[in-house]
Amino acid sequence: MEPLKRLPLRITALTTAVAVLVPALLVLLVPRRLASGLDRLLPEAALLQSFPARPGSAPPPLWQQRLGPQQAAELWRRQRRLWWQFWGPHGDAGAYLVFAAPPSTPLPADALRVDDLLVVAPSPLARQLLQQQLRLRRRPSRGLNQRCSEALMQREAVHWTGTALAQMLGPLSPLALSLQQGCLLLSSEGSALLWQGEAEASRDSLQPAPARLAIPAALPRSGATLLELRGRRLELLLRGLLSTALLRNALAERYGLGPEQLRRLQGAPFVLQLQPQAAGTWRAGLSLLVRLPGERQLWERWLADLSRALEQQGLAPSQPGGGVTLWGREDGTSVGGWRWLKPDQLLLFLGPSPGSTANLDGSAGSADWQLSLSPAALQAAQLLPPGLPLVVQRSQALLLQGRAAAGSTALSGRLELR
């Protein structure tokens with residue numbers, strides 16, 4: 001009977017040993033999550049992107065710039081999965097190079113170790129600033145940040161904040177208020193770069209991930225349109241325009257667009273187009289086609305108020321026919337006008353009267369809005385924001401679409417490189 005009395009004690013001891021030894025063995029045998037230092041770097045980055053490591057090829061230019069040819073070649077040969085680059089809040093400081101390296105790897109110049117990663121700064125000052133920021137106690141990544149950090153550790157992806165968006169878009173950044181923080185998963189198809197992801201208006205939002213938006217098919221290219229933005233709600237444009245009191249007051253006082261008209265316009269479907277001009281004063285003409293809600297008389301009264309405001313600014317009206325109202329300077333240069341296309345569809349334009357008009361019945365599929373543009377043609381016309389990445393500036397076509405969902409936006413798109 002004595003062995004039986006000691007049996008529970010032996011079972012308890014064995015259970016305790018297993019509970020202690022198995023986790024310890026797993027720690028030794030199973031490697032830690034790759035690049036866990038990214039969790040600490042992500043809050044300090046305005047823009048962070050992952051790239052596949054291809055040690056059989058030459059080191060990328062950033063590696064050679066930060067490490068020098070010899071050290072870059074040596075460390076590049078050891079890479080197996082991914083490496084990263086990121087920009088801090090001051091984009092003009094240059095990009096940081098980030099890669100996984102064992103603890104025995106000597107620190108390159110201007111480098112610091114962040115958990116299992118080596119971070120090579122663009123300058124000693126940038127290294128010092130990052131080191132100071134990393135000493136601050138940050139709460140763990142949550143929401144979109146957490147999802148994007150995991151994606152950046154596993155595949156090609158890019159994460160941005162409002163700081164990077166403002167640097168890239170410049171004066172157009174107020175039009176992207178709903179995309180202040182985002183993450184895209186990247187892939188390729190032939191000569192096209194594809195993406196799917198999400199964005200939010202606030203950096204601290206904890207919204208769940210929206211359902212994925214299918215990647216659009218390539219659109220037929222046309223030299224007649226440099227840019228087209230179509231959407232289900234004009235609020236997409238008005239949100240940025242109305243974000244400052246100065247613009248709100250100007251729209252109300254100078255152009256008669258008061259709170260009631262703006263409220264009605266927010267839910268109106270629209271198409272915005274930028275079309276090249278081969279000759280004349282204008283390099284391009286801008287047009288906005290909108291389906292106006294409510295009675296037409298309301299908008300006719302607004303156009304009458306707008307006409308009086310334009311006359312006070314020294315412009316003169318003319319009606320060349322076809323229902324077109326043109327406004328021009330004393331020298332005869334047309335500066336814009338409008339035309340009714342249907343009882344509820346008004347075309348407003350800056351520059352010459354458009355020869356062709358958009359179609360509001362066009363569909364963006366399951367997306368709420370769709371932006372298509374020809375970056376190379378816009379760059380040639382000096383109409384592209386200078387802060388956009390070089391690969392975007394040189395591309396032939398870009399298609400981006402979004403679908404709003406409970407405080408976040410699902411994104412997808414494609415970039416045709418040639």
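Student: The expected span of a helix is 1.5 Å times one less than its number of residues. What should helix H5 (residues 124-135) span, and what are its end C-alpha atoms apart?

Tutor: This is a predicted model: local features need pLDDT of at least 70, side-chain atom pairs count only at pLDDT 80 or more, and totals for chains, interfaces and linings use all residues. Residues are numbered from 1 along each chain as its sequence is written, and side-chain values use heavy atoms, leaving out hydrogens and water. As for H5, its 12 residues should span 16 Å at 1.5 Å a residue, and its end C-alpha atoms are 17 Å apart, which agrees. (Helices of at least four residues and strands of at least two are DSSP runs.)

Student: Which residues of H5 are buried?

Tutor: Ala-126, Leu-130 and Leu-134. Buried means under 20% relative accessible area and exposed over 50%, with a 1.4 Å probe. Looking down the axis of H5, the buried residues fall within an arc of 70° (from the directions of axis to C-beta atoms), so they line one face of the helix.

Student: And which ones are exposed on the other side of H5?

Tutor: Pro-124, Leu-125 and Arg-135.

Student: OK, what covers the buried residues of H5?

Tutor: The cover includes helix H2 (38-41) plus strands E2 (82-87), E3 (96-100), E4 (111-114) and E5 (117-120). Contact here means heavy atoms within 4.5 Å.

Student: What about helix H4, which residues are buried there?

Tutor: In H4 (residues 69-76), Ala-72, Leu-75 and Trp-76 are buried. They cover an arc of only 100° around the axis, which puts them on the same side of H4. Strand E1 (47-52), helix H3 (61-67), E2 and E3 are among what covers the buried residues of H4. E2 and E3 also turn up in the cover of H5.

Student: Switching topic: how many cavities of 30 Å³ or more does a search of the whole structure find?

Tutor: One, and the largest cavity has a volume of about 40 Å³. A cavity is a set of 1 Å grid points where a 1.4 Å probe fits but cannot get out, and lining residues have an atom within 4 Å of a point. The lining is Gln-275, Gln-277, Gly-285, Leu-286, Ser-287, Phe-349, Leu-350, Pro-352 and Pro-354. Strands E11 (284-291) and E15 (345-350) are the elements giving two or more residues to that lining, and E11 has the largest share, with three.

Student: Last one: is Ser-408 buried or exposed?

Tutor: At 3% relative accessibility, Ser-408 counts as buried. Ser-408 lies in strand E18 (residues 408-416).

Student: What does Ser-408 touch?

Tutor: Leaving aside residues up to four places away in sequence, Ser-408 touches Ala-199, Glu-200, Gln-207, Pro-208, Pro-210 and Arg-403.

Technical notes. On a 1 Å grid over the protein atoms alone, a cavity is a set of points where a 1.4 Å probe fits but cannot get out, and a pocket is an open set with protein on both sides within 12 Å along at least five of seven lines; lining residues have an atom within 4 Å of a point. Grid points are joined across faces, edges and corners, and a volume is the space filled by probe spheres set on the points.
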